[in-house]
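I opened my notebook beside the viewer and jotted things down as I went. Here are the entries, in the order I looked things up.

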Amino acid sequence: MNVLLFLVPISLLLFGAAVAVFVWAVRSGQFEDLDTPPMDVLGDDDGR
Amino acid sequence: MAGADGGRPAAAPPACAHCGEPAVAPLRAVFDDGPRVFCCPGCAGAARWIADSGLGDYYRWRSAPGPRIGADEDFAAWDRSETLDAHSEAEGEARCIRLAVGGMHCAACAWLVDKALRREKGVLDVRANAVDGRVVLRWSPAETRLSVLLQRIARLGYRPSLPASAEREDARRRERNRRLLGLGIAGLGALQAMMFSEALYLDTTGSMPEATRDAFRWVTAAISAPVVFIAGAPFLRGMVNELRLRVPGMDTLIGSGVLLAWLGSVIETVRGGPQVWFDAAVMFVLFLLAARHLEAALRASGEARLDALAGAQPAMAWREAGDRLEQVPARELADGDVVRVGSGDALPCDGVLLDADARVDEALLTGESTPRRRLPGETLLAGSLVHGGTVRLRATAVGAATTLSQVARRVDALRGQRPPLADRAERLARRVVGATVLLALATGLAWAFIDPPRAFPIALAVLVATCPCALALAVPAAIARAQGRLAAEGVLVLGADALRRLAEVDTVVFDKTGTLTRGEPTLLDVALADGADLDAAAAVALAARLEAAVSHPLARAFGAADGAPVDAAGQYPGDGVSGRIDGATWRLGRAGFALADAPAGDDGAIWLAREGRAVARFTVDDAPRPDAQAAVAALRAAGLRLAILSGDAPSRVDALARRVGIDGSTARGRLTPAGKLASVRALQADGRRVLMVGDGVNDADVLAAADVSIAMAEGAALAQRQADLVLGGPRLATVAEALRIAREAKAVIRQNLGWAIAYNLAILPAAALGHIGPGLAALGMALSSLAVTANAWRIGRRRPEANP
């Protein structure tokens, strides 16, 4: 059962990381416009 | 007619390489890839700049020709510090502004604007969004002026302006982000907390060492804390507010349930008790947030259109000042100002079209997105989009006086108003809240005597299980969805209780002219009476002058009137009009009205008479709307009885009834407004619930008398209609669609209420008897809320068999 001593803290760290990434994503507007970024990809076809 | 076409040259002029408009006086310029033709120096200059800046890819990627570049415009007003303070935010040394950029509709445009701005000195960051036509611009005022940057955008042919409702947009975005954050944290946290709870569940034999068990419990407590206190903050805040106002409601119940479950679990953890309920707490929060998020999305889909109404009037306008153009805030426009609006832009005010005809998209008010051709002299509405070419118009209504603002205000006022049914459901839910708390307390007390350790979890389970969340969501979710769907069809609901009444209708009464027909009668034939001393054209001109003072649709058949207005003009609804011209009394109308010695019966024609003597006989007809037949069939298929009430000649009403498929015996003609009113009342006396569909001009009383009314409103008269629902577009089939949505909404509301009440009643005994733990209770309660919200999404979904 000693493995829990590693696994539980790791899962907590991952949880913290996931929350941090999500908060960053929302704050930086990643969910604001779900339509334009896909079009950007189409535009930059010459590796500019 | 021939004159209008005659001026066109035989060979079409070449299209401008930049904006695609015909280059009447072509300008030629040589580029790397050969010569190009431009329509004006502006376009040539823009293309030269684009090529020289290495942005030539724009021409390959764009999906439509660029905007035509007009004369240089003056943006100096934007540099004034009060303008900057009001519309941009200081970020240290830099400033940030959100601009609406007209004409920027495709990804290539956004790319071009983005690149062009980035090349300017002093620009720190640009985000151009082609979907909503917004550019977020961060620049350093020390290095450049905002007017220079705007000039750059304008020289490319795009029109920068201020978004009309920046605060609203911001508030909406913040609100959405808050909800997303809460939901995300709840989701991630609940997942983890459930995982650790799972470990505790699986220890069915109690073989886990106590130290391990307690460690797991503490970890679960730590992980569920942010779910309860951060993600669950809206509920806790709501609870505090409700308790402060001493009106315990939904949030009190949810908040106390969550808090009790979490705190109780912490206490049990400290005590080393047999059970914890962190899972119940996190699940409660997660699923309720999900239900609220769904409901908010539902509401947003309905309100997007209303916000579009509010935001459609641009904040800035181009006003002609002598031979210059100046950009002024739209609210500074005055009646009579001449305003110029470019292609792709929204009109800042209502106004009369000048110069040339234009194509405008009035989708906002009518739901009809095909641009309509408007002639000079016609009134255009604020918020309409201009297609192809710049229009000039003289403002007739500005700011809050525009039709758009009036409609938006009416709709906005209604938004705050809740339908009686929703009120009843909420009052019921409120009462249930009190009962729930009492029940939970009573159950807890009872169990304290029977089996003290189980008293808390069972009381908690009762509290959670009987939470009437689904009951509170049942009606608003369905109504929000139904109104959103109707708005998408171009139907504005203006009466608070209109949906319910619409669902109960069993008879549909149509007005004829302007409702079943296009309301654009055409003059088919002119027959001069024997001994008439004028020719057909003169007779038509006289008729036009007589009708000029009248808003009746028939008036249009005679075309525009010239000459002085007639004296002593009189209007006799159902009969005709009269007036004095050159000293003689003229009458225009049905035979019995116009002629002194009228033949018996009604020939359906319109007579022009001088002093009672026939001068001319006009045959006028009005074509049915193209979808009238389909709409009638759809309504009949929906089990409705149909009737026509018209002021027109019975022979014409009969003919129309046959053409669209309505039983001729229910079609009545030659009715005065009072006669129509009496007919509707008679139907109601028979126990029928009547839906009146009219044009809203001549039949306001009848519309008001019917159980529920729909006005076919087009254009300028939209705001004045006194109907429960207003059909914005010219499509009659929408009536059947609206009826279907109303009926579905009614059915869904009934299902939702039934489900919510049945669920709460069924779960109560099970929870009170201790068969359902707090975790299961939370799951069931939350799923029941999700079920009613999801059920509401079904309203107005197109079914394949309904649309073959």
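**Chain B, overall**

I began with a count for chain B and found 26 helices and 29 strands. I remind myself that this is a predicted model. Chain B has 804 residues, and 46% of them count as buried. I also looked at sequence separation: among chain B contacts between residues at least 6 apart in sequence, 66% join residues at least 24 apart.

**Cores**

Next I asked which residues touch the most other members of the largest nonpolar core. I noted Phe284(B), Val285(B) and Ala474(B), in a core of 139 residues. Helix 25 of chain B gives the most to this core, contributing 16 residues. Apart from it I found another core, of 64 residues, which includes Ala17(B), Ile50(B), Leu149(B) and Trp318(B).

I then clicked on Ala474(B) to list its partners. Leaving aside neighbours within four places in sequence, Ala474(B) is in contact with Ala425(B), Ile749(B), Asn752(B), Leu753(B), Ala756(B) and Val788(B).

**Helix 16 with helix 25**

That list sent me to a helix pair. Helix 16 of chain B covers residues 469–488 and helix 25 of chain B covers residues 733–768. I read an angle of about 170 degrees for their packing, with the axes 9 Å apart. Angles over 145 degrees count as roughly antiparallel, so helix 16 of chain B and helix 25 of chain B are roughly antiparallel to each other. Their crossing is right-handed.

On the helix 16 side, the contact residues include Ala470(B), Ala474(B), Ala478(B), Ala482(B) and Arg485(B). From helix 25 of chain B I wrote down several, among them Ala738(B), Ala742(B), Ala745(B), Asn752(B) and Trp755(B). The residues of this contact divide into 19 nonpolar, 1 polar and 1 charged.

**Helix 14 with helix 15**

My last stop was another pair. How do helix 14 (residues 420–450) and helix 15 (residues 452–465) of chain B pack, at what angle and how far apart are their axes? I noted about 165 degrees and 8 Å. Helix 14 of chain B and helix 15 of chain B are therefore roughly antiparallel to each other, and I logged their crossing as right-handed.

In helix 14 of chain B, the residues that meet helix 15 include Thr436(B), Leu439(B), Gly444(B) and Trp447(B). Their counterparts in helix 15 of chain B include Pro452(B), Arg454(B), Phe456(B) and Val462(B). By class, I recorded 12 nonpolar, 3 polar and 1 charged residues for the contact of helix 14 of chain B with helix 15 of chain B.

Conventions
Residues numbered from 1 in each chain as written. Chains lettered and ligands numbered in written order. Predicted model: local features only at pLDDT ≥ 70, side-chain atom pairs only at ≥ 80, totals over all residues. Axes fitted to C-alpha atoms, helices over the stretch in contact; angles between N-to-C directions. Helix = DSSP H or I, 4+ residues; strand = E, 2+ residues; numbered from the N terminus. Parallel < 35°, antiparallel > 145°, perpendicular 65-115°, else oblique. Left-handed = near helix turned anticlockwise from the far one by under 90°. Contact = placed C-beta atoms within 7 Å. Nonpolar A, V, L, I, M, F, W, Y, C, P; charged D, E, K, R; others polar. Buried ≥ 20, exposed ≤ 12 C-beta atoms within 10 Å, placed from the backbone. Core = buried A, V, L, I, M, F, W, Y, C linked by C-beta atoms within 7 Å.
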